[in-house]
Amino acid sequence: MMNILEAICKDEGISLHGVDFLRKTQGVAMRDPDEPDTKTILYSVHAEGWSKMTIIAHEIAHHVLGHLDDGAMAFGDISNKTNPIRERNEQEAQVFATTFTACAMFFDYYKRGGVCA
Ligand SMILES: [Zn+2]
């Protein structure tokens, strides 16, 4: 069964891959400037549960918010203070990811009957 992250990636034409070689970050979003339709996300297979969702949602944000239109790669470094545009992009992606995950957590809680009527 496809989860919501896989469905979004499919709809947005993003290739999603779990890998075990990421060391300094847990997710990467990439786009080839010569092939604009080539969108890729790599995430650490060691991430689980809500953390995994947040990591992938963060990388989806870089694609859907146009942060990679110049073909750059986006690593999960929110502390990049040397480039104001990249810093802003990281903050935008993190807001997207945390909001997305919070909504998913609420929906999961709601499905289990945890919301008072
Ligand atoms: Zn990022």
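These legends go with a set of close-up views of one predicted model.

**Ground rules for the views.** Residue numbers start from 1 along each chain as its sequence is written. Because this is a predicted model, local features need pLDDT of at least 70 and side-chain atom pairs count only at pLDDT 80 or more, while totals for chains, interfaces and linings use all residues.

**View 1. The whole protein chain, end to end.** There are three helices and four strands here, and from the N terminus they run α-β-β-β-α-β-α. Helices (H or I, at least four residues) and strands (E, at least two) are DSSP runs, numbered from the N terminus. Of the 117 residues in the protein chain, 28% are buried. Buried means 20 or more other C-beta atoms within 10 Å of the residue's own, exposed means 12 or fewer, and partly exposed is in between, with C-beta atoms placed from the backbone. Take the contacts between residues at least 6 apart in sequence: 64% of them join residues at least 24 apart. A contact needs C-beta atoms, placed from the backbone, within 7 Å.

**View 2. Helix α2, on its own.** This helix covers residues 49–64, and its 16 residues reach 22 Å from first C-alpha to last, close to the 22 Å expected at 1.5 Å a residue. The expected span is 1.5 Å times one less than the number of residues. Its buried residues include Thr54, Ile55, Ile56, Ala57 and His58, and Glu59, Ile60, Ala61, His62 and His63 are buried too. Just after α2 comes glycine 66, with a positive phi of about 80°.

**View 3. α1 against α2.** Helix α1 (residues 4–12) packs on α2 at an angle of about 20°, with the axes 11 Å apart. Axes are lines fitted to C-alpha atoms, for helices over the stretch in contact, and angles run from 0 to 180 degrees between N-to-C directions. So α1 is roughly parallel to α2; angles under 35 degrees count as roughly parallel, over 145 as roughly antiparallel, 65 to 115 as roughly perpendicular and the rest as oblique. On the α1 side, look for Leu5, Ile8, Cys9 and Glu12; α2 brings Met53, Ile56, Ala57, Ile60, His63 and Val64. By class, that contact has eight nonpolar, one polar and one charged residues. Ala, Val, Leu, Ile, Met, Phe, Trp, Tyr, Cys and Pro count as nonpolar, Asp, Glu, Lys and Arg as charged, and the others, Gly among them, as polar.

**View 4. α2 against α3.** The axes of α2 and helix α3 (residues 84–111) come within 8 Å and cross at roughly 135°, which means α2 is oblique to α3. The contact residues divide into 10 nonpolar, seven polar and one charged.

**View 5. Helix α3 and what follows.** With 28 residues, α3 reaches 40 Å from first C-alpha to last, close to the 40 Å expected at 1.5 Å a residue. Asn89, Glu90, Ala93, Ala97 and Phe100 are its buried residues. After α3 sits glycine 113, with a positive phi near 80°.

View 6. Histidine 17 is in strand β1 (residues 14–19) and is exposed, because it has 10 other C-beta atoms within 10 Å. Its C-alpha lies 6.4 Å from that of tyrosine 43, 26 residues apart along the chain. Phenylalanine 21, in the loop between β1 and β2 (27–31), counts as exposed with 7 C-beta neighbours inside 10 Å.

Terms used
Two residues are in contact if their C-beta atoms, placed from the backbone, lie within 7 Å.
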